[in-house]
Amino acid sequence: MIAAMDIQITKASRSRINEIDFNNLPFGKNFTDHMLEVDYSDGEWGLVRIRPFQSLVLSPSLAALHYGQAIFEGIKAYRDPAGNAFIFRPFDNFTRFNISAARMRMPAVPEELFIEGMRKLVELDRDWIPMKNDYSLYIRPIMFATDEVIGVKASDNYKFMILLSPTGPYYAAPMRIYVEEKYTRAAPGGVGFAKTAGNYGSAMQVTAEAREKGYDQVLWMDAFEHKWVQEIGTMNVFFIIGNRAITPDLNSGTILAGVTRDSVIEILKELGYSVEERPIHIDEVIEAHRNGALREIFGTGTAATVSMIRELTYKDYSMTFDTGTWTVAPSVKSLLTDIREGRKPDKHGWMFKV
Ligand SMILES: *Cc1c(COP(=O)(O)O)cnc(C)c1O
């Protein structure tokens with residue numbers, strides 16, 4: 001267990017929980033009664049505060065707004081049928097948060113602050129964790145530069161916060177995905193492996209163009225040949241070809257090392273699939289589709305868990321699927337959901353009790 005850390009708690013005078021429609025929870029729109037906040041200055045983290053969720057007063061010269069030193073994480077909390085609250089694999093997100101921080105020249109957040117701060121906040125707002133199947137409490141840690149100086153340099157001051165948002169299923173419907181060849185997301189040596197704000201800002205135009213063409217998202221490809229599969233939006237991607245599950249490896253540093261990706265790899269192995277983490281050429285995908293071996297394509301991520309892809313279009317070649325007949329993505333999703341919601345044993349030690 002983690003030692004007690006001093007947290008200054010100011011409770012909301014009245015809860016807003018009765019104002020929320022728990023049957024209709026669009027992703028990231030509603031926030032719980034409290035938030036966690038701590039400032040970094042003079043080389044150290046200050047007092048950890050939990051206080052009512054509210055707006056911040058910030059200078060327009062705030063460094064993060066100008067030069068993008070901003071990182072985040074996405075984690076989920078669940079309640080089991082007995083009502084006990086659990087957070088899914090928070091230590092993995094903690095490790096990744098500090099990997100992102102280091103790449104953006106931001107200070108590391110101590111484990112106790114990240115984990116115990118989150119645990120305390122979730123404990124305080126535990127009634128906000130929805131209990132419906134596929135619903136959860138989304139946890140959003142963020143850190144951003146808070147120097148009030150317009151000069152291009154690493155900030156001396158930072159703010160770390162944790163927000164909580166009750167959420168329903170993210171992408172309910174199977175998706176149509178466009179293989180992107182004009183724009184790229186990340187190149188070796190860049191920041192593709194970091195959960196940093198600019199990666200998402202630069203994707204907005206690309207996603208909007210894909211939407212205009214009737215797609216939900218793009219499948220990013222490598223920056224040089226536009227032939228090697230990377231990832232989709234905020235999801236890693238898996239291909240089921242015969243009895244093999246194939247997903248891009250992390251070696252080029254151009255994709256996010258998803259915690260869901262890692263969990264799905266474990267579950268696929270348990271289900272008897274051989275899992276290959278390696279470069280995937282788009283021609284291999286098309287060839288597998290042509291000869292009938294390509295059974296399923298799906299995305300994995302905290303927000304969506306497992307999202308089936310009913311269409312993947314490369315140039316003018318469309319691969320379409322009847323996802324109603326699929327077996328792998330639905331069984332991976334339900335096994336993962338059952339573990340998270342406490343209906344199946346947590347053999348891997350993924351659930352952190354609040
Ligand atoms: C967050 C994210 C993922 C998924 O990571 P999880 O830890 O599974 O949520 C994948 N790709 C990108 C670009 C992401 O930002």
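On the side of domain 1 that touches domain 2, strand E5 (70–72), strand E6 (75–79) and helix H2 (90–103) each supply at least two residues, and the largest share, 6 residues, comes from H2. Helices (H or I, at least four residues) and strands (E, at least two) are DSSP runs numbered from the N terminus. The residues of this side of domain 1 divide into 9 nonpolar, 5 polar and 7 charged, where Ala, Val, Leu, Ile, Met, Phe, Trp, Tyr, Cys and Pro count as nonpolar, Asp, Glu, Lys and Arg as charged, and the others, Gly among them, as polar.

## Basis of the model

This is a predicted model, in which local features need pLDDT of at least 70 and side-chain atom pairs count only at pLDDT 80 or more, while totals for chains, interfaces and linings use all residues. Residues are numbered from 1 along each chain as its sequence is written, and side-chain values use heavy atoms, with hydrogens and water left out.

## Domain arrangement and buried area

The domain assignment of the protein chain, which is an automatic or database one, gives domain 1 (4–168) and domain 2 (175–338), and the C-alpha centres of these domains lie 28 Å apart. In domain 1, 21 residues are in contact (heavy atoms within 4.5 Å) with 21 residues of domain 2.

About 1600 Å² is buried between the two domains, and carbon and sulfur atoms give 58% of it; buried area is the accessible area (1.4 Å probe) that two parts lose on being put together, summed over both. Of the area that domain 1 buries against domain 2, Phe72, Arg96 and Arg103 supply 36%, more than any other three residues.

## Salt bridges

The structure holds 25 salt bridges, each defined by a side-chain nitrogen of Lys or Arg within 4 Å of a carboxyl oxygen of Asp or Glu. The count between domain 1 and domain 2 is 2. Elsewhere in this account, Lys333 and Asp134 meet through their side chains in a salt bridge at 3.6 Å, N to O.

Arg119 and Glu123 form a salt bridge at 3.4 Å, N to O, and they are separated by about one helical turn because they are 4 residues apart in helix H3 (residues 111–124). Arg119 is buried at 11% relative accessible area, whereas Glu123 is partly exposed at 31%; buried means under 20%, exposed over 50% and partly exposed in between (1.4 Å probe, protein chains only). Glu181 pairs with Lys315 in a salt bridge whose closest N and O atoms are 2.8 Å apart, and since Glu181 lies in the loop between strand E10 (175–179) and helix H4 (197–201) and Lys315 in the loop between strand E17 (305–314) and strand E18 (317–320), the pair ties together parts that are 134 residues apart in sequence.

## The surroundings of Thr254

Thr254 is placed in the loop between strand E14 (244–247) and helix H6 (259–270), and at 2% relative accessibility it counts as buried. The side chain of Thr254 makes polar contacts with the side chain of Gln230 (2.9 Å) and with that of Ser252 (2.7 Å).

Conventions
Polar contact = N/O pair within 3.5 Å; in protein donor to acceptor, adjacent residues only side chain to side chain.
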